[in-house]
Amino acid sequence: MATEGLQENETLASLKNESESLKNKLEEERAKLHDVELHQVADRVEALGQFVMKTRRTLKGHGNKVLCMDWCKDKRRIVSSSQDGKVIVWDAFTTNKEHAVTMPCTWVMACAYAPSGCAVACGGLDNKCSVYPLTFDKNENMAAKKKSVAMHTNYLSACSFTNSDMQILTASGDGTCALWDVESGQLLQSFHGHAADVLCLDLAPSETGNTFVSGGCDKKAMVWDMRSGQCIQSFETHESDINSVRYYPSGDAFASGSDDASCRLYDLRADREVAIYSKESIIFGASSVDFSLSGRLLFAGYNDYTINVWDVLKGTRVSILFGHENRVSTLRVSPDGTAFCSGSWDHTLRVSAGVLVSVHILKT
Amino acid sequence: MERVILAMQDPNVGIKMRNQRLLITVIPHAMTGNDIVEWLIQRFSITEEEALHLGNLIVKYGYIYPLKDAKTLVLKADESPYRFQVMKSPTISNLITAIYLAKKNIRKQGDLIDYERDAYNLLHKRINHTWDFVVMQAREQLRASKQRRKADRIVLDCQEQAYWLVNRPPPGAFDVLERGPERGNCLNSRVQMRGPSVAYIFNNETFAFSGSFFKHCEQYQVHDPIMSGCLPSNPWITDDTMYWTMNADLVATPTKMRVERWAFSFMELIRDPLGHNEFVHFLEKEFSAENLSFWEACEDVRYGEYSKIPEKLENIYQQFLVPGASKWVNIDSKTMDRTLQGIKAPHRYVMDDAQMHIYFLMKKDSYPRYLKSDLYKNMLAKAIVPQETKKSVFPFMRRQRHSSPSPALTAHSGEDDGKSKSAGSPGGAVAATITQVEE
């Protein structure tokens, strides 16, 4: 553009100045745009009213700390595991225990319900993930039919079935995740990349069902392609171990809870963190997070025995729930979003449900 | 937590310390439980309940100790006096423990509680060589304490007692320092405090994306039982399972909300067993039902048993891909060629391209047409809106909680890969049993 050479009143310096001031002007305009849009966004989202959430069921029966739980697709059954090696399947609605297995190890940190509702998987300090078909036959010992599926070189921290009973995804203290075929116990794919223990994972609810996210002690959350085993995205903004990750219902984002007492939301398409949910009065780590059905609320269980409910869009805390007498170690919303279940080191699980007292419809 | 404690102790913004009264003794430089709660409420803008909870944890973790009822580490929001604990190094040597127990032993003239006596004897064995030193130290400390002023004595005793309660809790009691299994490479779990309170970051580039969250929340808000309640009622609240009965997998008449959800996305439609069946009916009318069958068969390969893959791929080939096959699917020639080549070396993801192609075909073509079809419109018209459960006349009478058959009971019929829908719904048999209407 400047091929004609300098004009009469222009010097190199003055041109530079001009370009600087133009740049600044551009930034200013951009900033104005920021403000307008931020303002718009914050405006569009009305604050939520008061919540009335109460514990509706208390499941007692574990003799020691409850470490993990998962819902069955029938929306009322759950499986839970504890420090003393017991894995119990409950009909949470009636609070009846339907099955109980004693694992040969303590600290069963992971458990999952199969999509069909016919089996459960669990594991922990035994470095393995085992699948137990659920049977009501009184003559059968559940432990007899157990299938040892996954083998890691350190403790199992999380496990989840994929879309069927036939495949399991596991995360381990050995820093890797792995995909296994249940029937043969064969390793189908392994995922290396974390620099420390992997503590949690969650499968993407996407149409093509090909990715999952994991969080670890290296403060990183990594998104993996299940087919190739490659890490396709990575996020490192937390200041301490990531204890829990959970996808937003649409699959476009995920939330994480960490020992740094904050929960964060990461947008996958923008490839960045977009929100931090924290408060000065919350000084204990978040152990477990999950979204409500619409994704508007984020439930997070903390090591200070409480559950904080966050407004995902506004970033504010909506409610704080007390009730547990020791740290909340696991929290999941039920498949139809009617309730959530929290498990704690106080040996109990609580199913809580409630509703917004005054509903604000989002402005369009 | 350290930062909170430091703030509390700060002479400018911290808690005002005064001389507190404990019965007749004046304790210098202490604060009341009430002071602590008030300060927390002020500082963090939280409720009294939350402040009390937080304060209790601070006491349990040993940062503050009570001067009254020193045996229980509890914060009472009243005039009971409290003081800040002197933090010592986290490693407690055997020697220190031994001296403490020896003092107790002397004071109680040998009448220690069993777990203390066990610990005492164990230490006696372990560090026998320095036992004289231990006893001498213990005696010396006891003598020195007798010479102190009463106030100082009370303070030091409570301080010591609280310290040991936190660091060496009696067996069976709550152990605040328990951490769970050892984790590799992790930072000190004592929390690093963060600066700003509620931070919400939105970047310009993400605005377009944040719009999508907003849309999703808005769209699903009425379907979210926690946000908007559910009709007839939330089973967990009223003990009435009507909501589940009405929304069971294969009911004759679905609810309006459910049918509306089918219009949100293609996934919503086909993952709902009822929606799925409706869609199949529609496709049959259009003579393109083989598309959905093909897609499902592919899902089955992807998520099914590893050992059955070659067999399943062969079936798919025969049913859907061979020219002239009964359910031949219309894939573009390039994809078809690639797929056919791929089958020669069968693996789980061989069908991915073809499956994706057919999926998007259904999503972009058949699905929108379905939503405009009479079939869907009729379904929407006959869908019901449940009545809200009337409050029972006797509100204190609890409804009987009916149990339901476990999905595992019907495990024997068509289990494993073949029958279980890739959509991950529970076995079809379950739906059949749940459709009985409960009183």
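A:Thr176 has A:His192, in E13(A), as its bridge partner. E12(A) and E13(A) pair in the antiparallel sense, and five bridges join them. The model is predicted.

- Another open sheet of four strands in chain A has the order E1-E28-E27-E26, and the pairing is antiparallel.
- Its edge strands are E1 and strand E26 (328-333) of chain A, and each of these pairs on one side only.
- E1(A) and E28(A) run antiparallel and are joined by nine bridges.
- In E28(A), A:Gly354 is the bridge partner of A:Met53.

**Contact between chain A and chain B**

- Chain A brings 125 residues to the contact, and chain B brings 99 residues.
- About 9,900 Å² is buried between chain A and chain B, and carbon and sulfur atoms give 59% of this area.
- Of the area that chain A buries against chain B, 8% comes from A:Phe93, A:Glu207 and A:Glu280, which is more than any other three residues supply.
- There are 24 residue pairs in polar contact across the interface of chain A and chain B, counting pairs with both residues at pLDDT 80 or more.
- Several elements of chain A give two or more residues to the side that touches chain B, among them helix H1 (12-44), strand E1 (51-60), strand E12 (176-181) and strand E28 (348-356).
- H1(A) gives the most to this side of chain A, with six residues.
- By type, the residues on the side of chain A that touches chain B are 54 nonpolar, 34 polar and 37 charged.

**Salt bridges**

- Side chains of opposite charge can pair when their charged atoms come close.
- Over all chains, a search of the whole structure finds 30 salt bridges.
- Across the interface of chain A and chain B, the rule finds five salt bridges.
- Which residue of chain B meets A:Arg57 in a salt bridge? The partner is B:Asp239, and the N to O distance is 2.9 Å.
- A:Arg57 is in strand E1 of chain A, while B:Asp239 is in the loop between helix H10 (235-238) and helix H11 (242-246) of chain B.

**Backbone details**

- The peptide bond from B:Leu231 to B:Pro232 is cis, and its omega is near 0°.
- B:Pro232 is in the loop between helix H9 (225-228) and H10 of chain B.
- A:Thr95 has a phi near 60°, which is a positive value in a residue other than glycine.
- Where is A:Thr95 placed in chain A? A:Thr95 is in the loop between strand E4 (86-91) and strand E5 (96-102) of chain A.

Key: Residues numbered from 1 in each chain as written. Chains lettered and ligands numbered in written order. Predicted model: local features only at pLDDT ≥ 70, side-chain atom pairs only at ≥ 80, totals over all residues. Heavy atoms only, no water. Contact = heavy atoms within 4.5 Å. Buried area = accessible area lost by both parts, 1.4 Å probe. Salt bridge = Lys/Arg side-chain N within 4 Å of Asp/Glu carboxyl O. Polar contact = N/O pair within 3.5 Å; in protein donor to acceptor, adjacent residues only side chain to side chain. Nonpolar A, V, L, I, M, F, W, Y, C, P; charged D, E, K, R; others polar. Pairing = 2+ DSSP bridges.
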